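Subject: Structure handover

Hello,

Here is the structure I said I would pass on. Please open it first, then read my notes below.

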Amino acid sequence: MREEDIRKRDVFNRYLDLSRKDAENFFANHNRFIDIQCPACNSGNYQYEFDKYGFTYVSCPVCHTLFVNPRPAFDDLIRFYADSPSTHYWVEEFFKPVAEVRREKIFRPRAEYVTEVLPNLNNGVIGDIGAGFGIFLEEIRRLWPSRLIAIEPSIDQAEICLGKGIEVQCCALEELQGFENEFDLLTCFELFEHLHTPVDFVQRVFKLLKPGGHFLMTTLNGQGFDIQLLWDKSKSISPPQHINFFNTTSITLLLQRCGFQIVDVSTPGKLDWDIVEGMIKNEETSLERFWHLLSRQGNELCKNEFQDWIARNKFSSHMRVLARK
Ligand SMILES: [Zn+2]
């Protein structure tokens, strides 16, 4: 898989431009920002890392989580996601054109992973938080007769799910009424980096799961290869959307703190090297000389082997966690 397959460079850059403008327009009033403690380990200490688009990123000296602090109020973030130029662009121009490619390369393998690691859930109740276009649930439906529920706050995307015959709760997880101890599996993909208060979210997931139920999530790993190398230049580090960068250790801490047992933490990412090489080749990003050498002289096999090494040793910026209540 290549980065260009799942997000076109010019479209992604346009999206980031709109995000930067939204960051200025929606969040100019920093008086409404609030100070937080480390979202993973709750430590009150942090050290300054960098500013980006008017937001300050700090890191926790205990668990090395990278996060925006201070950060916007919850209501202001919800308002931004409900109706902003960058959000509309993301749905219409960024996601829709690559939705079917993503189905094949991302969502279908994800559904197959679930059926492999949790084979007893084939008749269970499965909820996808931030279900978007409902593609993951569609792929589960192809494999299993489970009861499927999309939890999706965007009215437009909830309607897309409904149109596909998927049961929908049109709200944020934090607003979901009922359902305590009802789910066998809750999933959330590429959502965690956006959350205002991750601990509240995880506690809510815990309550909604049956005893023995599972939580499967993917998120960005702040200790992943491309993020560490590109750091403040990384396009993954994009406020106001991406405000939490946990790592394999700190996500474990948070989930255990909320009562979960960890089943597996891995980084099955495929794009770290491709993202770095794209920045070197197309965006004139200057890195230490070895990375330019690898970009010029490494053949495809060499680069694929390097990416496999990154993923296998938990250094990819794409992280997956499976936990049990
Ligand atoms: Zn911490």
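The site of the zinc ion is tetrahedral, with angles of 99 to 119° among its four donor atoms. Keep in mind that this is a predicted model.

The zinc site

Which residues hold the protein donors of the zinc ion? They are Cys-38, Cys-41, Cys-60 and Cys-63, each through its SG atom. These donors lie 2.3 Å from the zinc ion. Along the chain, their spacing reads C-x2-C-x18-C-x2-C.

Look at Cys-41 and Cys-63 next. This pair links distant parts of the chain, 22 residues apart. Cys-41 sits in the loop between α2 (9–26) and β1 (47–52). Cys-63 sits in the loop between β2 (55–59) and β3 (66–68).

Are the two buried or partly exposed? Buried means under 20% relative accessible area. Cys-63 has 4%, so it counts as buried. Cys-41 has 22% relative accessibility, so it counts as partly exposed.

The second largest pocket

Now turn to the second largest pocket. About 240 Å³ of space lies in it. Its lining has 14 residues. Nearest the centre of this pocket are Met-1, Arg-2, Lys-270, Asn-304 and Gln-307.

Which helix gives the largest share of the lining? It is α13, with six residues. Both α11 (272–282) and α13 (300–312) supply at least two residues each. By class, the lining has seven charged, four nonpolar and three polar residues.

Best wishes

Note on methods. Residues are numbered from 1 along each chain as its sequence is written. This is a predicted model: local features need pLDDT of at least 70, side-chain atom pairs count only at pLDDT 80 or more; totals for chains, interfaces and linings use all residues. Side-chain values use heavy atoms; hydrogens and water are left out. Donors are N, O and S atoms within 2.8 Å of the metal (3.2 Å for Na, K and Ca); water is not among the atoms, so sites may look incomplete. Four donors count as tetrahedral if all angles lie between 85 and 135 degrees; four count as square planar and six as octahedral if opposite donors are over 155 degrees apart and all others between 65 and 115; anything else is irregular. Helices (H or I, at least four residues) and strands (E, at least two) are DSSP runs, numbered from the N terminus. Buried means under 20% relative accessible area, exposed over 50%, partly exposed in between (1.4 Å probe, protein chains only). On a 1 Å grid over the protein atoms alone, a cavity is a set of points where a 1.4 Å probe fits but cannot get out, and a pocket is an open set with protein on both sides within 12 Å along at least five of seven lines; lining residues have an atom within 4 Å of a point. Grid points are joined across faces, edges and corners, and a volume is the space filled by probe spheres set on the points. Ala, Val, Leu, Ile, Met, Phe, Trp, Tyr, Cys and Pro count as nonpolar, Asp, Glu, Lys and Arg as charged, and the others, Gly among them, as polar.
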